[in-house]
Every structure is written in C-alpha cells, then in structure tokens.
Amino acid sequence: MGNCVSFQLSCDQTLNHIFRCFCGKGYIRTLKENLTALKREMEDLKAIKVEVQNRVSREETRHQQRLQAVQVWLTRVDSIDLQIQILLSTSSVQLQKSCLCGLCSKNVCSSYSYGKRVFLLLEEVKKLNSESNFEVVTKPAPICEVEKRFTQPTIGQEKMLETAWNRLIEDGVGIMGLHGMGGVGKTTLFRKIHNKFAEIPGRFDVVIWIVVSQGAKISKLQEDIAEKLHLCNEMWKNKSESDKAADIHNVLQRKRFVLMLDDIWEKVDFEALGVPVPTRENGCRVAFTTRSREVCGRMGDHEPMEIQCLGPKEAWELFKNKVGDNTLRRDPVIVELARKVAEKCRGLPLALNVIGEVMASKTMVQEWEDAIDVLTTSAAEFPDVKNKILPILKYSYDSLLDENIKTCFLYCALFPEDYEIHKETLIDYWICEGFIGDYSVIKRARNKGYTMLGTLIRANLLTEVGKTRVVMHDVVREMALWIASDFGKQKENFVVRAGVGLHEIPEVKDWGAVRRMSLMNNDIEEITCASKCSELTTLFLQHNQLKNFSGEFIRCMQKLVVLDLALNRYFNKLPEQISELASLQYLDLSYTNIEQLPVGFHELKNLTQLNLSITKRLCSLGGISKLSSLRILKLLRSNVHADVSLVKELQLLEHLQVLTITISTEMELEQILDDKRLANCITELGISDFQHKAFNISLLTSMENLRRLRVENSHVSEINTNLMCIENKTDSSDLHNPKIPRFTNLSTVYIRSCHSIKDLTWLLFAPNLVFLRISDSREVEEIINKEKATNLTDITPFQKIEYLIVEDLPKLESIYWSPLAFPLLKHMATLSCPKLRKLPLNATSVPLVDEFTIEMDSQETELEWEDEDI
C-alpha cells in the first residue's frame, strides 16, 4: 500500500514537472487565445503606424526632420509585421496538432517552440503599442550648410547678380538658366549666387552644387548628388542607375532643395537622375549655366538670362585694375595704348583678366604697341567670335618667358574641365617629366615647382582653390588644347579625351608622335589592344572601371615616365610587362584592388614615386628594396603592415625621402622610431587599432617632418605636458627652444573613435596646425585643459588653424576656457556635442569675417556668447 502511494506521488511529480516545462506559461494551452490576441494587437499597431506616418509626412512637407526615435519605432514595426506574417502562415497547421482539449500537443516540442514565439511576439507588439504615444514626431531640420565657393571680385556684374537672385528667390522661378559664351563670367556669377544662399539659412534644406561639363554621365551626376545627401556608400555604388535614382528621389522629395548645375552642354534628365521637378508648390529650385540658349529651352526655362560681355566702361575698369596704377602712371601714352588693348578683349571678363595680368609687367611703350599688333593680327585671322577669343588668350601663353612654364601649362590640359588637382601631385608629375629641376635636390625642385605654379596662377591660367589645389578655367583649357593638339606646329602632341569613350578619340595620323595621353573618367573596363604610342611619356587612366590592362598595350611604351591608374576600384592585377618600362618614374595604384606586385617589379630601377595608398588587398611588398631610385613611397591605409621584413626593406632604400604609412602595433612603431632616418621620412602617419596597449603620441615628436596625423580606433595615453617641460628643464613658453618636444611641421590632425582620451592639450605643441577634426570619441571633455596648460599659458593655440571640426563628442564641454584670436580661421563646426555651450570666440576673434562660417546642428542653438557683438 505504501509502495503504491509512493508510486502515485512520484508519478504526479513527474507529470507536474512535464506540465511546468511545456505548459507552465501557457505556450501550448493558450496558443489559440494568444494567436487571436496577436492578430488584434497587430491590427491596432498597424493602424497607429499609419497615423504616425501620416503625421511625419505632413510635418516633412513643412520641411521638418523626423525624430530618430520615431524612425527606429517605424522600422521595428515593419520588422515585427514581417515576422508575424511568416508566423501566422503556419498557424492552422500548428493548431491541428493540439490534443487533450488544447492542453497538450501531438508534437510537444514543435508546439512549445511555436507557442513561445507567439507569446514573445505578442509581448513585443504590446510594448510597441505602448511606446506609440509620440507627442512630437519631428524636429526643425538642421540649418542648411552652404560651403562658400571660391570666387574672385567682379566688375560690372552687380546688376546681373541682383536680377538673377531676385528671379530665383523672390519670383519663385523653379528652373532658371544663365547662358553666354565661354569666358563671359557665367561660373563666377553662379558662384556668387550659390554663396548668397548662406545669407538665408533655413529657407532651403540643402543646396547642391555640381560641375557637369561636356560628356557628363548620369552615373557621375548621381554620385555627386549622393555625396551631398550622404547616400554614397559602397552598397549604394553597386546599385543600378534606376535604383540610385529612386534613392535620390526618396530623399529629395522630402526636402526643399536647390540644385545648381554649372556648365551643362545638353538637357539633363531629371527623372533619370532621380531629381523631383521643381515647382512653386514644392518650393524647390534648379539653376544652371550653359553656353547654349537652346539648352535653356530644353531644360524648361524659355526666358533665360543672357550673361553678356562687359560694356566699354566696365571693361576698361576691370582691365585697369588688373594692369595696376604703377604701370599706367609711367607714361600717358601707355594709358591710351592700354585702352586699345582692352578693346581687343571685346568685353570678355576672362580675356580682360588674363591679358591684364600679362600687361601688368609691360612698362615700355614699345611692348604695348607690339601687344596691339599681335592681338590685331590674331583677331583678323579668325572670322567668328569664338575663334577670336582663343588667339587673344594665347597672347598670355606666348608672354610666358620660360619654355618649361609653357610646357607645364600645356600639361594641365590633360585634366577634365574644372578638375581640381592637388598642387603636390601636379608638381610630382612635372618633376618626373623633367620640367622642373633635378630629383637629387627634391626640395629645391619642389620650390621651383611652386614658383611655376605661382606664375601660372598670377597669369590667370590656373585658378588657386584654397591652399592645396588648383583648377583650370574651361575656356583656358580649350586654348591649351588648341595649342597642344596642333600636330603641325607643336611638338607636344597631346591626345586628351578625358570624360568620353575610347571610340570618340579623334583620328590621329601619327600615333608615334603622341607624347601625352589622358583617358580619365571614361568608364573603360579593359584595354586589350597593342599600343602604337612609342613616344608616349604620360598616360592618365585614373577614374575608370578598369579590370583588364593588357601587357601588350604598355610593352611598346618604352619612354613612359608617368602612369596613373588611381581609382580603378576593380583593378586587381598589374601586368608583368610593367617591368619592361625602364623609363617609368611615377606609378599611382591608389584606390585599386591590387593584390600583389608582379614578378619583376623590382626591375623598375628608375621608379622614383610609388603610390599604394588605400590598397586594401595588397599583402606584401617583398623585394621593394631593389627599387634603388625610390624617393616617395605612399602606403597610408593600405593592407601592408610595417613588420620586421618591411622595415628592413625600407631601410635599404637609400634615396627614400617621403614615406606615408599606417601603423597598428607597438612593435611596428618601435621599429620605425629606432631608425631615425626612416622616422624622418614620414610625412603622413596613420595610427589604427591600438587597443591592447596605449599609444603615446609624444613619441612622434622624433618624426621631424610629420605633417599629417590620423589616429583611429585606438587607446591613446595621456600626455603629461608639465612633465614634458620639467624633463627639458626649460621655460615652456619658449616656442623656439629646440629642447621642447614639439610637432613643428604638423599641419593636419584627425582623431576618430579614440574613447580613452579626455582632452588634447598636447596640441599646444603643434604651433602650425591648420586642420583639426575630432569625432566619435565619447570621453573627450575638453580640447585644451586649463589645469594642464597652467605652465603653458604663454603658448596661444590655433594661431594658424583654418578648419576646426568637433563632432559626435557627447561629453565635450569646452574647446578653450576663454576667447581666442583665430587669425586665419575659415570654418568651425560643432556637431552632436550636446554639452558644448560656449565657443572660444568674441567679437574680434576672427578678422576674416566674410570668409568665416560656423556649422552647428539643432542641439546647439542655445549657445552662450561673450557679448551681443559676436
């Protein structure tokens, strides 16, 4: 009996245990009720979602911006809706498995798992329903950032600027065209219109500037727009043009935008781009410049503004300003001759600027008379207006006394219209081509290069864009091409088809005479033909889709000196025949997918510059020490690590003078610092992924030529500035004392995702800093700490800074504790820094107020200012 009772209790306990495991929370027992409740709750949730979306849409039509919390909630609703749809598709099958009046199942494990998912989703839906009571769903859109574009002072365009601006803004014209001949000043006027948008913040959500130029492709224009809209990631780039158009349209239809298209040659298809047609209702604008009035009509502006040449009075005023009083005062005869020269320029601003610069140095009457003779003869030789302009401009070219400077100018014609190029890169090309100096004295050669650049800039043949880049005016480029491509008269023999297809290259009678060729921006995927250009010295193939580059094509180019293959993102293999190019001095493989250097690469004994920056798949540089002439090696952000073997190879490069590299381990850093010569070669350094052991920035003071520093995703140790001064036993205020550890040449610092640092007081030891950007570093509280800088109060920071950007710094409270003088500051940005309430500015901090912009997001509208004058 007792055994029976004992058995009964054990059986009950077992059943209870099973019941608790499988039915305790009702996953099986309440499955039917939970499914019914899930459907009902989901219907309610979808109804609320529609209401929220409608509220958001209404607000966005008023150019508000949806809250991130609202977007996250909508995304979660969409996600859970999909999960529930999948779950409900098998509900009938699962219910048929129930037995014992729904208390159990024919397949307990399967029903338990299904019932649990139903229960958890039901809880999640209830939670989303409870979170749906949004008091507000949007916030004011960030103030439109308009980055002012470089523009020169103008004479005689003030009235046209006022008329164009009023038509676009006050009259509410959706599409506005400006047309006129090349060189008449369309782009200058257009830039001034663009810059005026900075004066009406909040009126538009985004202002997009694009240089279109002849032969521009839809894909390129889409990429330019996407860059401004922050859409242009790797995933986006792999989409089709139609999908890209849809993405662009989805963003722009919610914004009040201004699209400015400079230099269009044919109708731009808004639908293909993804740009909504501007109307009075949506308040959007599209403005453009073109040489053709017919294009204006096709674009939808049937009453476009014509930008005309200057009248005699304005033309003389502009020309007189360019020549200068010192020259004109020398002789009354020169003044009369100058008026005649100005007349020869036909009121064309470009010609007046260029010829005016040339004549500024002409102080003899005979020189002015000769100029009139040349310009009169040239004009007589060409019947139509367009062809008369180029000979007038050519006079400025003929006035260049140095033949090397002339060649440098013609070399610039290899680049597409309005192509911005870094000065350093252009000078590197010139050095390798032999236009400048001797490579054995590279610093002197570069100085001479800058002298040549200055000459071309002063002559208005190149335009300076900031301190680092230059660009050629499209009409001046036409003139350069006209000179360089004249096979009968010129020895240069250029073939330039940048931005067009290979099939559009003109028929060339003598390919063997071609010395320089540019095939940039052509979407070329392969080159399989043999080369006929036995005299070629420069070949530009950057910005293509190159996958296959035939060795036969380059085999015959034994005189090739410069080969640029940058930004061919699909290019992964360099042909072995590259080793046969005995004259090659410059090779750029940056932004390619090159995996290894070919066998025989070390045979390039004359190679002086090699750029392998951002080659993410390149694994090894074995044998690079055999490149005995190598002077410049760029490895920044490549996949090549500075391990023991690479450092040994670099140490064997006797002529190495410039090295850019990224370091990821303490051992790599130690190896480079142990070799003082190698350390002094580094001009640009990347520090990445120092997590296990802190990285000490003060170690870099031994890199005397370090100009740019980029520190990412690293643990950075604090620099004790007081200790640095004590160890040197010197007055910390003496910036000229060589014993103080200093970053004398450091001009650019970029810090990102360094979550251990609280301040960057060490920047006091970087007196020549021009660009500073600190982002996504969650512990940064101050840029310069007052306590740490106590003994350094005689050092004033940021005296040469031009760009200061802090973003995504949740704890940042101070840049500097008191107002500072920023003699050269052009742009300050403080984005997503919610605790930053005061900037180190007063009414006299920035002397260049007209060139200065502050960029802030909506969180930072409650800033505290020193006084009302700011």
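Student: Which residue of β12 is the bridge partner of glutamate 464?

Tutor: In this predicted model, glutamate 464 is bridged to valine 470 in β12.

Student: What makes β11 and β12 a pair?

Tutor: Two strands count as paired if there are at least two bridges between them. β11 and β12 (residues 469–471) have 3 bridges, so they meet that condition. Their pairing is antiparallel.

Student: Why are β10 and β11 said to stand at the edges?

Tutor: The open sheet has 3 strands, in the order β10-β12-β11. β10 (421–422) and β11 (463–465) each have a single partner strand, so one side of each has no neighbour in the sheet.

Student: Which residues of α3 are buried?

Tutor: They are Val70, Trp73, Leu74, Val77, Ile80, Asp81, Ile84 and Leu87.

Student: What puts these residues on the same side of α3?

Tutor: They cover an arc of only 145° around the axis, and therefore lie on the same side of α3. Gln68, Leu82 and Ile86, on the other side of α3, are exposed.

Student: Why is α8 called roughly parallel to α10?

Tutor: The axes of α8 (residues 218–228) and α10 (residues 241–252) cross at roughly 30°. Angles under 35 degrees count as roughly parallel, so α8 is roughly parallel to α10. The two axes come within 11 Å, and α8 passes α10 in a left-handed crossing.

Student: Why is phenylalanine 798 called buried?

Tutor: Buried means under 20% relative accessible area. Phenylalanine 798 has 6%, so it is buried. This residue is in the loop between β26 (771–775) and β27 (803–807). Its phi is positive, about 65°, although phenylalanine 798 is not a glycine.

Student: Why is histidine 543 called partly exposed?

Tutor: Partly exposed lies between the buried cut-off of under 20% and the exposed cut-off of over 50%. Histidine 543 has a relative accessible area of 32%, so it is partly exposed.

Student: Where is histidine 543 found, and what is its phi?

Tutor: Histidine 543 is in the loop between β16 (538–540) and β17 (548–549). Its phi is near 60°, a positive value in a residue other than glycine.

Key: Residues are numbered from 1 along each chain as its sequence is written. This is a predicted model: local features need pLDDT of at least 70, side-chain atom pairs count only at pLDDT 80 or more; totals for chains, interfaces and linings use all residues. Side-chain values use heavy atoms; hydrogens and water are left out. Helices (H or I, at least four residues) and strands (E, at least two) are DSSP runs, numbered from the N terminus. Buried means under 20% relative accessible area, exposed over 50%, partly exposed in between (1.4 Å probe, protein chains only). The arc is that of the directions from the helix axis to the C-beta atoms. Axes are lines fitted to C-alpha atoms, for helices over the stretch in contact, and angles run from 0 to 180 degrees between N-to-C directions. Angles under 35 degrees count as roughly parallel, over 145 as roughly antiparallel, 65 to 115 as roughly perpendicular and the rest as oblique. A crossing is left-handed if the near helix is turned anticlockwise from the far one by less than a right angle, and right-handed if clockwise.
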